[in-house]
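This report describes a model with its sequence and coordinates shown below.

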Amino acid sequence: MYSSVVRLQNTFGFFTTVAFVVAAFVSLSDFLSPRTPTVNLLKPTSLQVVNGRPHYYSPVQQYGIIKFSLDADLSSLFTWNTKQVFVYITAEWPSLDSQNNTNQAVIWDKIITAPSSDHLAKYGPIERKKLKKAAVGKPIDPSRGKLVLKNQRYKYQITHPSGKIASQEDIVLKLHYNVQPWVGLLTWNQEQTWGKWEALKGATSKKFKLPAVKKKDEGKKTTKSNSRA
Amino acid sequence: MLSALGNPRQAAAQIMNFGLILSTAFMMWKGLSVITDSPSPIVVVLSGSMEPAFQRGDLLLLWNRNFLEETAVGEIVVYNVQGKDIPIVHRIVRKFGTGDKAKLLTKGDNNNADDTELYAAGQDYLNRKDIIGSVVGYIPFVGYVTIMLSEHPWMKTVMLGIMGLVVVLQRE
């Protein structure tokens with residue numbers, strides 16, 4: 001019994017060592033595959049500000065509603081160690097009181113799974129079938145990184161703790177991504193090129209200004225015609 | 001096999017050995033804590049709110065220092081809600097202002113709504129001090145052992161017993 005316990009211990013110890021070394025090599029292999037993400041187009045296509053409140057008893061708040069168009073190619077982020085790429089677009093604007101105070105809010109995001117992690121995601125049956133069909137026989141499917149969106153509706157409205165967002169100037173939209181590996185380090189979009197990973201260029205839109213608050217009946221009309229893409 | 005118990009000198013050495021193993025593990029944990037400036041530098045994912053990125057039982061490595069830049073929107077952070085001691089792993093989706101007074105809002109990738117409902121009563125946003133680290137590294141599944149141990153407490157007793165026996169009965 002004594003020696004079998006020791007043997008079991010040694011076997012388990014060896015197994016964990018090997019597993020960790022393999023995992024380390026897999027995660028280091030990320031640095032060998034080039035990343036060349038590009039953004040060809042990112043611009044707001046429709047802007048409005050409406051009044052509303054999060055709860056019945058909350059004070060009235062202004063909500064900024066942004067639609068945008070995007071044309072980006074993130075396909076090079078998909079390698080054998082990519083589990084998912086989380087793409088998100090933020091609206092960023094300076095604070096009223098001081099210029100270096102900034103506000104950032106996500107207006108839209110998307111989880112792009114690699115074919116190897118499709119089974120973990122919350123897809124509807126139709127979307128799942130479509131993804132499966134497109135990725136059949138492919139452990140890596142770079143076509144998923146190509147994003148072309150026209151007049152895309154926001155997922156999250158923008159607000160400010162002060163409750164005021166109307167006529168806000170100097171807002172920009174910015175595209176970001178976060179690569180989630182199967183094992184290893186999480187990485188985000190870079191400002192600078194680093195080794196084989198190129199900086200994300202063109203990810204910031206031109207500065208724009210939000211309009212004044214829209215009247216209630218007008219606002220209703222437009223929200224009705226919006227359709228979820 | 002039980003000869004060790006007959007020899008008090010050897011028994012004492014083995015108990016010391018056991019203590020050494022425990023204190024080494026503790027020191028490594030606390031050392032990592034100092035390096036990362038986080039009270040809990042390694043956490044195990046307990047819920048599915050960040051799926052498909054993180055599953056239950058995955059191990060996350062945290063970093064809690066702001067050398068080059070502030071904690072920003074898009075980072076996945078582990079935070080404690082005021083007055084509760086349950087760490088939550090979610091992504092920052094809004095940030096108003098900068099520095100210690102910045103107001104942060106989080107959301108789980110797999111959740112439909114943001115975390116306002118999870119925060120304490122009267123707490124609308126998080127501050128930097130509520131965050132105990134940003135996720136920088138990921139190892140899948142390894143932490144599932146701890147979930148098993150906390151869900152089936154008898155396993156904890158059995159495992160500690162086996163570990164103790166093996167260390168005490170092992171001869172150098």
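UniProt positions are given in the numbering used here, feature names are shortened, and annotations may be inferred rather than shown by experiment. The model is predicted, so local features need pLDDT of at least 70 and side-chain atom pairs count only at pLDDT 80 or more, while totals for chains, interfaces and linings use all residues. Residues are numbered from 1 along each chain as its sequence is written, and chains are lettered from A and ligands numbered from 1 in the order in which they are written.

**Annotated regions**

In an unreviewed entry, UniProt annotates residues 30–135 of chain B as "domain: Peptidase S24/S26A/S26B/S26C". Secondary structure follows DSSP runs: helices are H or I with at least four residues, strands are E with at least two, and both are numbered from the N terminus. Over residues 30–135 of chain B, 7% is helix and 31% is strand, with 18 Å between the end C-alpha atoms. The feature "transmembrane region", also from an unreviewed UniProt entry, is placed at residues 12–33 of chain A. That stretch of chain A is 77% helix and 0% strand, and its end C-alpha atoms are 33 Å apart.

**Chain B**

Chain B has four helices and six strands, in the order α-α-β-β-β-β-β-β-α-α from the N terminus. Its C-alpha atoms fill a box of roughly 70 × 35 × 30 Å along the principal axes. The radius of gyration, taken over C-alpha atoms, is compared with a globule rule of 2.2 Å times the number of residues to the power 0.38. For chain B the value is 21 Å, whereas a compact globule of 172 residues would have one near 16 Å.

A residue is buried if 20 or more other C-beta atoms lie within 10 Å of its own, exposed if 12 or fewer, and partly exposed in between, with C-beta atoms placed from the backbone. By this count 27% of the 172 residues of chain B are buried. Two residues are in contact if their C-beta atoms, placed from the backbone, lie within 7 Å. Among chain B contacts between residues at least 6 apart in sequence, 57% join residues at least 24 apart.

**Interface and core**

The contact between the chains takes 25 residues from chain B and 34 residues from chain A. On the chain B side, β4 (87–96), β6 (131–139) and α4 (153–169) each supply at least two residues; β6(B) gives the most, with five residues. Ala, Val, Leu, Ile, Met, Phe, Trp, Tyr, Cys and Pro count as nonpolar, Asp, Glu, Lys and Arg as charged, and the others, Gly among them, as polar. The side of chain B that touches chain A then has 14 nonpolar, six polar and five charged residues.

A nonpolar core is a set of buried Ala, Val, Leu, Ile, Met, Phe, Trp, Tyr and Cys residues joined through C-beta atoms within 7 Å. The largest such core holds 65 residues, and those touching the most other members are A:Val85, A:Val87, A:Ala91, A:Ile107, A:Leu175 and B:Val89. Strand β3 (residues 82–94) of chain A contributes the largest share of this core, seven residues. Beyond neighbours within four places in sequence, A:Leu175 is in contact with A:Val39, A:Leu42, A:Leu70, A:Ala72, A:Val87, A:Ile89 and A:Ala203.

**Chain A domains**

Domain bounds come from an automatic or database domain assignment. Chain A is assigned domain 1 (1–32) and domain 2 (34–225), with centres, taken over C-alpha atoms, separated by 40 Å. Seven residues of domain 1 of chain A are in contact with eight residues of domain 2 of chain A. The touching side of domain 1 divides into four nonpolar, two polar and one charged.

A:Val26 is in helix α1 (residues 2–28) of chain A. A:Val26 counts as partly exposed because 15 C-beta neighbours lie inside 10 Å. Apart from neighbours within four places in sequence, A:Val26 is in contact with A:Asn81, A:Val183 and A:Gly184.

**Local backbone features**

The peptide bond from B:Glu51 to B:Pro52 is cis, with omega near 5 degrees. B:Pro52 sits in the loop between β1 (42–44) and β2 (59–63) of chain B.
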